[in-house]
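Have the structure open as you read.

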Amino acid sequence: MMRDTISFSSVSPPPKSRPASPAPLAVTALLAFLCFVGWSTAWPTAVLVHLVLAVGALPLILASMGYFTPVLTRSGAVPGRVNLLPLLAMAAGGLGSMAVAGPFWLVGVAAPLAWLVAAALLWWMSRRAARALGSPHPGLLWYQAALVCLLLGLSAILATLVWPEQWGLLRTLHRHLNLLGLVGLTAIGTLQVLLPTVGGYPDPQAGARLHQDLKYALAGVLLMTAGTVLGSWLGWLGLGAWTWVLGRLLRPLSGQVGRLWQANGAALSLLAALGGFVLSLLSITWGEGSVALPLFLALFLFPLVAGALAHLLPLWWWPGLPTPQRHTAQQQLGRWALLRVGLSWLGGGALLAGAEWGVYPVATPMLLLLGQVVWLGRQRGNV
């Protein structure tokens, strides 16, 4: 049986099964995030959010899933066509952003394309799981559940073409299934493994938690989505389910705070992102039953991507066993993490309060990280 304990530092797909590196899509994601700020006064918020999530985050998420599936399943070679799926997702995201800005009929092109991409990746991952040497790592189920949420969210927006009078309800379903389902499940499932890896400490219970807690996390997504649509107490039940999952994730961290603090800046960014996710979930209690987008983006998504890339980009640049070059790159990308986190949280709070200047402290950390990535990548010949 495949071991449940896995590290994103010491394990990577074997050379013959390794897909294309997600590193270029990481740079694309950072550029898309900066569009949230650069075009904040020129484009509607919905367009900017789609640029961030559909053009930036979605292709990077799908590429990362594809890259680590051979690790999680210990399966064979990856077909070259799998590497095209994140690029097709980016194209669909671009069309979706255009549809929000102008001709809505483009939804009829963008959503089916994104749906087919997600379905193809889910089908491929399921086949990998069926052919795995032993049981797949339980983290794979979190990725599969996230893709199912994406498919449901895309189906909801497709349904608006048939029932345009239900636009508000279907748009809410689309939003929450993508935010809490796709991004939330992917992030929390990954953090169970990534935090111990970055902090350099063992967490032998991570696999068991992933096995046991997916049903609660998925229930949290569905109940909070239903509660937002129906305006009922179901959202509070969903919040309770997420509280159970996050409480079990945080428990082993209580004795590792010092170790995480002394690790490279990736650990600090990931911890901040975890706190931002908690606040994003709590925002349904003071809003109109919806997750507050400024908190979700500035306090959760942006620090999450910054922390994950600080650790994973060097892993993608130097795959295989750890090398001194990789360690040095991780330390360099982790620099100024405290500054980046502080600015992100400052900007997120300002945006939540309605202050337009909040976009600038949100942009600065992304611009700083992008500069670090490009500078280091050019030095190493990877960008």
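For residue classes, Ala, Val, Leu, Ile, Met, Phe, Trp, Tyr, Cys and Pro count as nonpolar, Asp, Glu, Lys and Arg as charged, and the others, Gly among them, as polar. This is a predicted model, where local features need pLDDT of at least 70 and side-chain atom pairs count only at pLDDT 80 or more, while totals for chains, interfaces and linings use all residues. Residues are numbered from 1 along each chain as its sequence is written, and side-chain values use heavy atoms, with hydrogens and water left out.

A cavity here is a set of points on a 1 Å grid over the protein atoms alone where a 1.4 Å probe fits but cannot get out, and lining residues have an atom within 4 Å of a point. Ile 61, Ser 64, Thr 186, Leu 304 and Ala 308 lie nearest the centre. Helix H11 (293–317) is one of the contributors, and its seven residues make up the largest share; helices are DSSP runs (H or I, at least four residues) numbered from the N terminus.

Now the open side. A pocket is an open set with protein on both sides within 12 Å along at least five of seven lines. The largest pocket has about 700 Å³ of space, and His 50, Ala 54, Val 100, His 174 and Asn 178 lie nearest its centre. H2 gives the largest share of its lining, nine residues. By class, that lining has 24 nonpolar, six polar and two charged residues.

Methods. Helices (H or I, at least four residues) and strands (E, at least two) are DSSP runs, numbered from the N terminus. Grid points are joined across faces, edges and corners, and a volume is the space filled by probe spheres set on the points.
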